[in-house]
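Hi,

Here is the structure I promised to pass on. Have a look at it first, and my notes follow below.

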Amino acid sequence: MRDIFTLITERVLRDCGGEPICAHVGDVQVCAIKNHSTYQVLRGKVRLGRSKSVASMHLWESVGTLAREGSQQEREKWLMILLDLLTPYFGGWSKELARKWHYEVSDIRSAMVEGALDAWFSMTGSTPSNKPLDTMMTRAFTGARGLVEAGSSETCVTSSEYLIADAAHEEDSTLRASSIINAGNVQDPDADERIRGERTGSLLQRMGAMGHTKTLHDKLRSGCRDAEDTPAINPAQVGRSWVDGKNLYYRISELLPQYIGFSEAANTVGLSESQASRMARKGSLPFRVLWIGNSRVVSVKSLMHILGIQDSIVHPDDVENGASHVGGE
């Protein structure tokens, strides 16, 4: 029978395919570990029961971080993986409850997933990275017990398909929702956009980073870009796209490395590595940590958000114009 556990696994396998998957930083191409297995192999190695290993917990924490970061699509993917890694441990519980209470195992499993998701979305960013596992398992079991002990023969109100479709609905990412328009400074949105881009270009020119920047611009202009990485444009920007028929806008974060080391991230927020390590254990660290083997890295986008650095959208033409002004061209 295709219950919610089966649906979760089917979706994860569909999303991951048979390609190597990186559960450390989310991207095989940028991960320092070059030997990655497929999801099926990775799933078989994870042990989250009483005999869970340090490696399994590091993997769980990294997947949990990936489920909080990035685009909506990426968060959904990693949250589904998070749930799928739990289903082997929910399976035994659900069968035992079904046998003891003469209840439909599919309904019990739906209640477990609903409880685990409720726990996930109730946790804040300050929750220690090692706590979500126990919290989700506890809430899943509590939800299932509440269902069977209520004595109702009705199925869960929320169907399996509905849970899968909407499992990862969170508040929109602050990064994704950020706007390039600041009407308090400039009344004309188009002028505001151009000024923002030229200021960025002038700064990059002074830093000696325009060579790297122009490489990105050449990539955008040649069309070598995934559609999902292209930021949406507002009505004020449509005219720019009509000129060449392309949406060449990009976010400042595309010029930066995706991750930096743990000690560098700690220094960025004014902490020593030892202080940051102690705060991570207590769950009070302001940024989330990803594990690559025994090494820790931090998402640059996450740091930008914490430090209040706006991930602005700019256009290559404006950035290059600003660099030219500084360079005296």
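**What I found**

Let's start in the sheet: L290 stands opposite V297 in strand 4. Strands here, like helices, are DSSP runs numbered from the N terminus (E, at least two residues, for strands; H or I, at least four residues, for helices).

Before going on, a word on the source: this is a predicted model, where local features need pLDDT of at least 70 and side-chain atom pairs count only at pLDDT 80 or more, while totals for chains, interfaces and linings use all residues. Residues are numbered from 1 along each chain as its sequence is written, and side-chain values use heavy atoms, with hydrogens and water left out.

**The sheet**

Back to those strands. Strand 3 pairs with strand 4 (residues 295-299) in the antiparallel sense, over 3 bridges; two strands count as paired if DSSP finds at least two bridges between them. In that pairing W291 also stands opposite R296. The hairpin the two strands make has 2 residues between the strands, and G293 takes a positive phi there, near 65°. On strand 2, G261 stands opposite V297 too, and 3 bridges join strand 2 to strand 4, again antiparallel.

Put together, 3 strands form an open sheet in the order 2-4-3. Strand 2 (259-261) and strand 3 stand at the edges with a single partner strand each, so one side of each has no neighbour in the sheet. On average, neighbouring strands are turned by 45° against each other, direction ignored. Helix 3 packs on this sheet, touching strand 2 and strand 3, and its direction makes about 135° with that of strand 3. (Contact means heavy atoms within 4.5 Å; axes are lines fitted to C-alpha atoms, for helices over the stretch in contact, with angles from 0 to 180 degrees between N-to-C directions.)

**The whole chain and its cores**

The chain has 15 helices and 5 strands. Of its 329 residues, 44% count as buried, where buried means under 20% relative accessible area, exposed over 50% and partly exposed in between (1.4 Å probe, protein chains only). Among contacts between residues at least 6 apart in sequence, 71% join residues at least 24 apart.

Which residues have the most contacts inside the largest nonpolar core? They are I81 and M136, in a core of 52 residues. A nonpolar core, for the record, is a set of buried Ala, Val, Leu, Ile, Met, Phe, Trp, Tyr and Cys residues joined through side-chain atoms within 4.5 Å. Elements giving two or more residues to this core include helix 1 (4-16), helix 4 (72-101), helix 6 (131-149) and strand 3 (290-292). Helix 4 provides the largest share, 11 residues. Leaving aside neighbours within four places in sequence, I81 is in contact with V12, C16, I21, Y39 and V63. Apart from this core lies another one of 11 residues, among them L216, L248, I252 and A323.

Is D84 buried or exposed? D84 is buried, at 0% relative accessible area. Its side chain makes polar contacts with the side chains of T9, at 2.5 Å, and Y39, at 2.6 Å. (A polar contact is a pair of N or O atoms within 3.5 Å; within protein, one must be able to donate a hydrogen and the other to accept it, and residues adjacent in sequence count only if both atoms are side-chain atoms.)

After helix 4 comes H102, with a positive phi near 55°. Most residues other than glycine have a negative phi. H102 is in the loop between helix 4 and helix 5 and is exposed, with a relative accessible area of 74%.

S253 lies in the loop between strand 1 (250-251) and strand 2, yet is buried at 8% relative accessible area. The S253 side chain makes a polar contact of 2.8 Å with that of D311.

G17, in the loop between helix 1 and helix 2, is partly exposed at 27% relative accessibility. The C-alpha atoms of G17 and T38 are separated by 8.2 Å, with the two residues 21 apart along the chain.

Cheers
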